[in-house]
Amino acid sequence: MATTVFTESIDQLQNQVTESLGAFRSQREETDRVAALKAAQKLVNALQKPQDSVYHLAYSPTHAMCVRIALDMDIFATLTERDGPVSLADLAAVKKASPILVERVLRILVGIDYVGECDTRVYIATTMTRQLTDRLSISVIKFIFDVGMPTLAKVPEFLRRQDHRNPEGATTGPLQFAENIDESIWTWLPQNPEKLDSCNTFMEGDRGARPSWLEWFPVEERLLCDVNPDAETLMVDVAGGRGHDLAAFLARYPDVPGRLVLEDLPHVLEESTIDVERIEKQAFDLFKPQPIHGQFFPLLLHFGNY
């Protein structure tokens, strides 16, 4: 009986995959692609034994670890630039690393298809290899692994000590516990320029392949049609990082009147490379009163508790 139910479930999931893939092939819509991906994931989950699922989950941090090490070793950049087979010895020589160590890292990367192995100890670039030469993807890995992972590893212990109460405040959370500090992440990060750079670049690419808010938010109907012609300020991007969202907005709507203001901490604004006359930069602490008054559209896409 159980075997029959299992077979029927597999058959249903297979049909869902076939139908959703068919819709995606014919329409090429993002919603159909996501539906096909979800259906495929459900089929994989149904075929996966529960014990193996636990095993894969427990060992998944090693995947991120090997990707992080590979970034330091320039493995992704080297394979992408050479665009052909590269031997283990040649990959190790880039950073004068131990070939045995490099091979151990590559075994994991090949297993998750972040690197291809076309012959014994000979490697080629895959789609994911090339993706890991993208500066936004690199910053996501670096920031989450270098800043986030040490904190995540300490969260269970932190919560046990807190009797599993929800943390409150900007200076008494898991990060402060893990790093043994009594300041917020925003004053701590600038003390490490490399981590700060990873954070600011991470904020640019945090949505991954999801479309920009300009693609799904009805900007013209909800924002532009209600613009007050007498209002001095049109939009304030609060904690807007380097200004990528305002720059994208201005590129799409260059003739809309009104001030566009980028607000963030001084050290973040210093890193901003947005060189557009219409975008004003104003230092601002998110936890203090808003200095700009009057009617305007506040853009808040980046807020989080730390």
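User: Before we start, what should I know about the numbers?

Analyst: Residues are numbered from 1 along each chain as its sequence is written, and side-chain values use heavy atoms, leaving out hydrogens and water. Since this is a predicted model, local features need pLDDT of at least 70 and side-chain atom pairs count only at pLDDT 80 or more, while totals for chains, interfaces and linings use all residues.

User: Thanks! Why is leucine 91 called buried?

Analyst: Buried means under 20% relative accessible area, exposed means over 50%, and partly exposed is in between (1.4 Å probe, protein chains only). Leucine 91 has 3%, so it is buried. This leucine lies in helix α5, residues 88-94; a helix here is a DSSP run of H or I with at least four residues, numbered from the N terminus.

User: What does leucine 91 touch?

Analyst: Not counting residues up to four places away in sequence, leucine 91 touches Ile75, Thr78, Leu79, Val86, Leu106 and Tyr123. Touching is a contact, meaning heavy atoms within 4.5 Å.

User: And how do you know whether serine 184 is buried or exposed?

Analyst: Its relative accessible area is 14%, so serine 184 is buried. Serine 184 sits in the loop between α9 (174-179) and α10 (185-188).

User: What makes the pair of tyrosine 55 and tyrosine 59 tilted?

Analyst: A pair of aromatic rings is described by the distance of the centres and the angle of the planes. Rings of Phe, Tyr and Trp (its six-membered ring) pair if their centres lie within 6.5 Å; planes under 30 degrees apart count as stacked, over 60 as edge-to-face and the rest as tilted. The structure holds four aromatic pairs. In this one, the centres are 4.8 Å apart and the planes at 40 degrees, so the pair is tilted. Both tyrosines lie in helix α3 (residues 50-72), four residues apart, about one turn of the helix.

User: Why is tyrosine 59 called partly exposed?

Analyst: Tyrosine 59 has a relative accessible area of 45%, so it falls in the partly exposed class.

User: What makes a group of residues a nonpolar core?

Analyst: The residues must be buried Ala, Val, Leu, Ile, Met, Phe, Trp, Tyr or Cys, joined through side-chain atoms within 4.5 Å. The largest such core has 20 residues, and Ile75, Phe76, Leu79, Leu106, Leu109 and Val115 have the most contacts inside it. Apart from it lies another core of 18 residues, including Leu214 and Val219.

How values were computed
Helix = DSSP H or I, 4+ residues; strand = E, 2+ residues; numbered from the N terminus.
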